[in-house]
Amino acid sequence: MIIKEITKNEKTDYVLCSIDKSDVKNGIVVIPNGITKIGDRVFKGKSLHRVFIPNSVEEIGYESFAFSKISAPLQLPQNLKKIGNDCFSGSNIIKLSLPKNLEFLGSGAFSHCPYLKVISLGDSLKTIQQNTFYNCSRLEEVAFPSTLEVIKNSAFADCIVLNNIRLPQTLKQIEYGAFMNCFSLEAVSIPKSTKSIEDFAFCYCRSLKEVVLPLSLNFRRDAFFHSNKVEFFYKLDDGTTIYTKKQIRSLQTKEKDKDL
């Protein structure tokens, strides 16, 4: 292994820059304690089965484990704060819990992971970047953090077996194509905190039957383009009673009649 000591802004990192064949034994790699950063593309394309990452690691770089075929359970360090773009793209991870203190999850970080079924996103993330879980064709379950504010473009696009999501009450924005082609998604409740659902956010969700929205939210129907089975329901300000748009108009008419 080649390890470099790099000091920047009075902070010293011990960066794992590269490995050779002798560092991989029977598909297993043990990263030494004291490493604070795994550099870009270090394990990209390597024939790995399992990797042990010490708690000293705070950052994993761009494409570090992309297409490395990791399939054994992966325990990420609790001090990890940043996962770079495309970091685990194309790996064979099946289940994963992100550390509770993770602050940044890069775009495409777990895209094209064909065996990923369950992911827990920790407790600190505010943004899920674009394409983060794009084309995870077996992804069934996602536990969102209670701090989440933005789901970016195509974050869960083409997750074709994802059938149930519980969006947190902190969510403010769902961007273009965020859940596009989630063919198995049947119902979704948009929290009151949400200010924007962009075009095609839930397009081609052909099993989607029920969407519950806050009454105050304005959105374009293109957000649900070609989700042809969907029926919309609306929560009033009390957050409990759910009505269709037709029922709301009827109630409003009755209220006007009372005033007269």
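Mentor: Two strands pair if DSSP finds at least two bridges between them. Please keep this in mind as we read this predicted model.

Trainee: How many bridges join strand β14 to β16, and do they run parallel or antiparallel?

Mentor: Strand β14, residues 173-174, is joined to β16 by two bridges, and the strands run parallel. Within this pairing, Gln 173 lies opposite Ser 196 of β16.

Trainee: What is the order of the strands in the open sheet?

Mentor: The sheet has four strands in the order β11-β13-β14-β16, and the pairing is parallel.

Trainee: Why is one side of β11 and of β16 left without a neighbour in the sheet?

Mentor: Both β11 (127-128) and β16 (196-197) stand at the edges with a single partner strand each, so one side of each has no neighbour in the sheet. For the chain as a whole, there are one helix and 19 strands, and the C-alpha trace spans about 85 × 40 × 25 Å along its principal axes.

Trainee: How should I approach the interior?

Mentor: In soluble globular proteins, nonpolar side chains tend to be buried together. Here, 45% of the 260 residues of the chain count as buried. The largest nonpolar core has 69 residues, and Phe 133, Phe 156, Phe 179 and Phe 202 have the most contacts inside it. Strands β17 (210-214) and β18 (231-235) each supply at least two residues of this core.

Trainee: Which residues does Phe 133 touch, leaving aside those up to four places away in sequence?

Mentor: Among them are Leu 105, Phe 110, Leu 116, Ile 119, Ala 155 and Phe 156.

Methods:
Residues are numbered from 1 along each chain as its sequence is written. This is a predicted model: local features need pLDDT of at least 70, side-chain atom pairs count only at pLDDT 80 or more; totals for chains, interfaces and linings use all residues. Side-chain values use heavy atoms; hydrogens and water are left out. Buried means under 20% relative accessible area, exposed over 50%, partly exposed in between (1.4 Å probe, protein chains only). A nonpolar core is a set of buried Ala, Val, Leu, Ile, Met, Phe, Trp, Tyr and Cys residues joined through side-chain atoms within 4.5 Å. Contact means heavy atoms within 4.5 Å.
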